[in-house]
Amino acid sequence: MQPKLSFEWLHACSGCEIALLNGGEQLLDLLGQVEIVHFPLLMDHKYGGQQGEGAPLSLPEADIGLVSGGVAHTEHLLVLQEMRKQCRTLIALGTCATYGGIPAMRNEWSTADTLRTVFTAGTGDNDPVMPLAPAFLDRVYSIDEKIKVDVSLPGCPPQPQLIGAVIKALINKETLQLPQKSVCETCPTIREGEKKMAPVRRFLHNADYDCDQPVSEMRCLLEQGLVCMGPVTAGGCGGKDTPLCLRARVPCRGCYGPVRSGGNQLLDMMNALASNGIDYRAIVDRKSLLRFSGAHGLLKPARKKN
Amino acid sequence: MNREQKIIAFCCNWCSYAAADLAGISRLQYPGSIRIIRVMCSGMVHPEMVLHALEQGAAGVMILGCHLGECHYIKGNEMALARSEVIADTLEDLGYASEQFQLTWISSAEPERLVEAFRTMSGRLAVLQSEQPADR
């Protein structure tokens, strides 16, 4: 019997699902190897109970469960707990599921502030736009804060080949070594050493490079003074080749989350800059370095000053 | 003094830890909220260790190292100094108060100065706590 695959999305954008579908030929192989029992992006499937029959929420049993997106409101939480109950192996897929991702940027404000500034009708009164929507939690959580996760696969989105490889390894009951080094590990740009660092500048002008030359002829973007988050970001976006953003000659944005789980990209980046004698205060919006990893309580509303 | 309050003090093995030892021998009194952790050099205290202490519920974190120019490892305390500004600034970004962190230089012959630093920190945190809005 084929293993069953269930793919649920929570506070996410469907990019992770599309990354799986973007896998090319490996997707065709995969479709022959698993039976998809639940996949809201691809197939209609009722969660049960809408007509008053059965349990209010039930998902099918599965051998492999994939969950993309973080947990922002009570319904996400219920769906996630049901997924955990039904899936033998649960994979947190994508940076939202593993570190909060973009939606967790709202953790920089309180839920009340978010409701007031984003989700009001704009009529001046403070009625929420969607009075029947599930209640917001106090902040956006990554799924490992709420349930036990068996495999964490960050990325925005995760590299399609890696998603395929992980699912295949689970089907064949093999172990798979996930990438554990930083983005810099596979970055081919030229590093000349810390003594020659340029002062930090904003990315309003292009980096210096010759567009006829490959990336390996370009100077390290961080040494050019651009805030490249490569040193504090988990690698793997380009497979064994050049990281994706670097291929486009722009600095790493940090989308794979911290190199070690539990790391803090903001603090690590500031520390790396300060240890190399760079004026970190030149970075205008430091908090945005946590743009992909605001869950786990890392992003918090600013302390109220008296 | 708040009995719940805890202050983590990373003390350099070569100076402030010896000063704390001397403070004990000299029977100098300091607040009971201080928890000393001996490290080989103030420069080895990574900012994430400071953040971790605060996340685990410490009211404040102190790093105590040798006076500048007197580091046992030549430049360790300069590293600590470079990091300390980052820590103070980043703590504000992360929702803490920069007052919850303190870097101080103490030589091994300055137990009074150490005790004074402990007292100042404890007092400062008590004030901070009383100013804290009730909902946070």
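**Entry 1: the helix pair across the chains**

I started with helix H8 (residues 265–275) of chain A and H3(B), which pack at an angle of about 150° with their axes 9 Å apart. This is a predicted model, so I read the figures as computed from a prediction. Angles over 145 degrees count as roughly antiparallel. H8(A) and H3(B) are therefore roughly antiparallel to each other. I also looked up the hand of the crossing, and for H8(A) and H3(B) it is right-handed.

Next I listed who meets whom. From H8(A) I noted A:Leu266, A:Leu267, A:Met270, A:Asn271, A:Ala274 and A:Ser275. They meet B:Met79, B:Ala82, B:Arg83, B:Glu85, B:Val86, B:Thr90 and B:Asp93 in H3(B). I sorted the residues of this contact by class: seven are nonpolar, three polar and three charged.

**Entry 2: the wider interface**

I then stepped back to the two chains. How many residues of chain B are in contact with chain A? I found 17 residues of chain B in contact with 17 residues of chain A. On the chain B side, helix H2 (47–55) and helix H3 (76–93) each supply at least two residues. H3(B) gives the largest share of that side, seven residues. By class, the side of chain B that touches chain A has nine nonpolar, two polar and six charged residues.

**Entry 3: chain B on its own**

I counted four helices and four strands in chain B. I read the order from the N terminus on as β-α-β-α-β-α-β-α. The radius of gyration of chain B is 14 Å, close to the 14 Å that the globule rule gives for 136 residues, so chain B is as compact as a globular protein of that length. Along the principal axes, its C-alpha atoms fill a box of roughly 45 × 35 × 20 Å.

**Entry 4: chain A on its own**

Chain A has eight helices and seven strands. I checked its radius of gyration too: 21 Å, close to the 19 Å that the globule rule gives for 306 residues, so chain A is as compact as a globular protein of that length. The C-alpha box of chain A is roughly 70 × 55 × 30 Å along the principal axes.

The mean pLDDT of chain A is 88, and 93% of its residues reach 70 or more. Where in chain A is confidence lowest, and where is it highest? The lowest is in helix H5 (residues 111–117), at a mean of 85, and the highest is in helix H4 (residues 95–99), at 96.

**Entry 5: a helix pair within chain A**

I turned to helix H2 (residues 25–33) and helix H6 (residues 160–171) of chain A, whose axes come within 11 Å and cross at roughly 25°. Angles under 35 degrees count as roughly parallel. H2(A) and H6(A) are therefore roughly parallel to each other. Their crossing is left-handed. From H2(A), I noted A:Gln26, A:Leu30 and A:Gln33, which meet A:Gln161, A:Gly164, A:Ile167 and A:Ile171 in H6(A). The contact of H2(A) with H6(A) has three nonpolar, four polar and no charged residues.

I checked the loop between strand S7 (151–153) and H6 of chain A, where A:Pro157 lies. A cis peptide bond joins A:Cys156 and A:Pro157, with omega about -5°.

Then I went to the loop between H6 and helix H7 (244–247) of chain A, the place of A:Lys173. Phi of A:Lys173 is near 55°, a positive value in a residue other than glycine.

Definitions and conventions
Residues are numbered from 1 along each chain as its sequence is written. Chains are lettered from A and ligands numbered from 1 in the order in which they are written. This is a predicted model: local features need pLDDT of at least 70, side-chain atom pairs count only at pLDDT 80 or more; totals for chains, interfaces and linings use all residues. Axes are lines fitted to C-alpha atoms, for helices over the stretch in contact, and angles run from 0 to 180 degrees between N-to-C directions. Angles under 35 degrees count as roughly parallel, over 145 as roughly antiparallel, 65 to 115 as roughly perpendicular and the rest as oblique. A crossing is left-handed if the near helix is turned anticlockwise from the far one by less than a right angle, and right-handed if clockwise. Two residues are in contact if their C-beta atoms, placed from the backbone, lie within 7 Å. Ala, Val, Leu, Ile, Met, Phe, Trp, Tyr, Cys and Pro count as nonpolar, Asp, Glu, Lys and Arg as charged, and the others, Gly among them, as polar. pLDDT is the predictor's confidence in each residue, from 0 to 100. The radius of gyration is taken over C-alpha atoms; the globule rule is 2.2 Å times the number of residues to the power 0.38.
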